[in-house]
Structure formats: structure tokens, C-alpha cells
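My notes follow in the order I looked things up.

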Amino acid sequence: MEFSFARGYRRVEQEESDGKSSQPSSEERNYLSSPIPSPWAICYRWLPWVLVAVLTITNWYAWMATRSTPFPDSIFSPAESAIQYKNVIFQAGIDSDTSPYQGKPSEELDHEWEELHKYGVSRIPMSDAAQLANRTSPIPGDEGHYVVILEVFHQLHCLQHLRRRLFWNETEQGSPDEVEGLAMKHLDHCVDSIRQSLMCSADVTPLPYVWWRKYNQLMPTTAVTHTCRDFEAIRDWAKEHRAGKVDEHTQVHDPLGDQVVYDI
């Protein structure tokens, strides 16, 4: 029976007849004894390193996401660098679980409320003012700086006026409508401003229902933990950037463009 061989191969007899030994050389033995890695062996060898690289990249992107804005269209704030978070247990505000900001107005209590928003008006450089989604005005006599107030301090200012009006009959004489900031037109603005802010922030912390022995009833409790922006850190930023007394009756040239004017 005849067998055909692939071109390039010769019969052993032919090799021996050529006077050459059929035994491989030392170099050939080393080559032949080395296992030829299969594709699967290569994969298994490099797989742990690939997984480490993927996990490293994934963790880096996740870390960057926590430092970035919640969504691409988030507007710029000069106080972004002050934003940090912490968990806070809210006080129920009833019975014995009340906060230092509750009760009838008094000199001491009014001081505590003032401390919440006394640094509200902030002084920012032109470089920050140029990034604002809503243009603001330059500070008269302070070239290169602009004035803003962070919304949280505006809301606290409004809430303090509502509180004063609420307790007026117990602490004051005369009509509250004659006091600047306490007229119903202004307080109506305050109520709706706070409404919009609450809907904007939309706190989704679940309030559990518990059994209240005092009322013999199942009711929600507000004394639960919330994840909050650190207000003290934001107030510290405002303290560093406080504008002081701003001349509100002088209009000056704005290098960023035409002066902002409201006609409403």
C-alpha cells in the first residue's frame, strides 16, 4: 500500500541513508520539551490581570461620579466646593423632642435664627459670576466682584419672617402689616418660595409609622435619619465670602454685559 506524505517530510530510512542521526539536537530537545500554550491557557494566565484592570477603572469612574454634578445640565454655583454630605437625625419638633429654634420669639432665640442666615449675601469674583446661569450685578466700589445670595439663606430668611408673624399676637403690639417684611404680600411670596424649594429638593427619606402610646394610634414619626448637605460647611463658605454692606442704590457698569434690569 502506498502512502503519500506532505511535501517537506522524508521517510526515516531516507534520513538515515543520508548519514544523519535521527536523534534531535539539544536545542531541538529543549524546543520540543516546551509545552505549546493553548489559547485557553493564555486567557487563564492574563484573566486575573484583566479583571484587576477592569475593577480599577470601574471604581475610578464610580468615584468620579460621586464628585461630579448629579446631571449634565446642573447649573453652576460658586459654593459647589463647600458641598459635602452627612447623616442627620431630625427632631420631631413636638412634646419633649424639640429643637433650639422652636418656641416664642425672644432675644436669645432670635439671635439663633439670625446666625442661620446672617452671612447670606456673598461676594464672588468675576470669574465665578461669568459662569452663573442667571446673571448678577457687580458690587459698587468693589471692581471685579459681584453679589449673590445662596437660596438656602433666602429660604431661612423667609422662614424667620413667617415665624415672627405666627407668634406676633403673643409677643408684639400693633399690626404686623406695618412691619417691613411681615406684610401678607411678602409672606405670601415666602410661603410659595419655600414650597418651590421643598419640591425642588424633594426629600425622599422614608418616614416610618410607629405606635404612639400617648395618642393610642399608629402615626408617622419624623425623628429619623436623613442624608443631608452639610449646612455648617456651606455657612462657613458664606462666612468666608460675605459681602458686607452693599450699596443697593448705585448702578455701576458691568464688564460682563448690559446691566441686569427687572421690569415687573
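This is a predicted model: local features need pLDDT of at least 70, side-chain atom pairs count only at pLDDT 80 or more; totals for chains, interfaces and linings use all residues.

I looked up how β3 is held to β4. The two run antiparallel and are joined by 2 bridges.

Next I turned to another pairing. β1 and β7 pair in the antiparallel sense, over 5 bridges. Here Y85 has R229 in β7 as its bridge partner. I checked burial along β1 (residues 85-89): of its 5 residues the number buried is 0, so β1 lies largely in the open.

I moved on to helix α9, residues 231-240. Which of its residues are buried? I found F231, A233, I234, R235, W237 and A238. The buried residues of α9 pack against α4 (107-117), β2 (121-125), α6 (151-166) and β7 (225-229). I also looked at the N-terminal end of α9, which D230 caps. A side-chain oxygen of D230 lies 3.1 Å from the backbone nitrogen of E232.

I then looked for the largest nonpolar core and found that it has 18 residues. The residues with the most contacts inside it are L116, I124, L150, F153, F231, W237 and A238. At least two residues of this core come from each of α4, β4 (145-149), α6 and α9. The largest share, 4 residues, is supplied by α9. As background, I noted that nonpolar side chains tend to be buried together in soluble globular proteins.

What does F231 contact, leaving aside its neighbours within four places in sequence? I listed L116, V152, F153 and L156.

Last, I took down totals for the chain. The chain has 9 helices and 7 strands. Of its 264 residues, 22% are buried. Among contacts between residues at least 6 apart in sequence, 64% join residues at least 24 apart. The chain exposes about 21000 Å², and carbon and sulfur atoms supply 56% of that area.

Note on methods
Residues are numbered from 1 along each chain as its sequence is written. Side-chain values use heavy atoms; hydrogens and water are left out. Buried means under 20% relative accessible area, exposed over 50%, partly exposed in between (1.4 Å probe, protein chains only). Contact means heavy atoms within 4.5 Å. A polar contact is a pair of N or O atoms within 3.5 Å; within protein, one must be able to donate a hydrogen and the other to accept it, and residues adjacent in sequence count only if both atoms are side-chain atoms. A nonpolar core is a set of buried Ala, Val, Leu, Ile, Met, Phe, Trp, Tyr and Cys residues joined through side-chain atoms within 4.5 Å. Two strands pair if DSSP finds at least two bridges between them. Accessible areas come from the Shrake-Rupley method with a 1.4 Å probe; for residues, only the protein chains shown count as cover.
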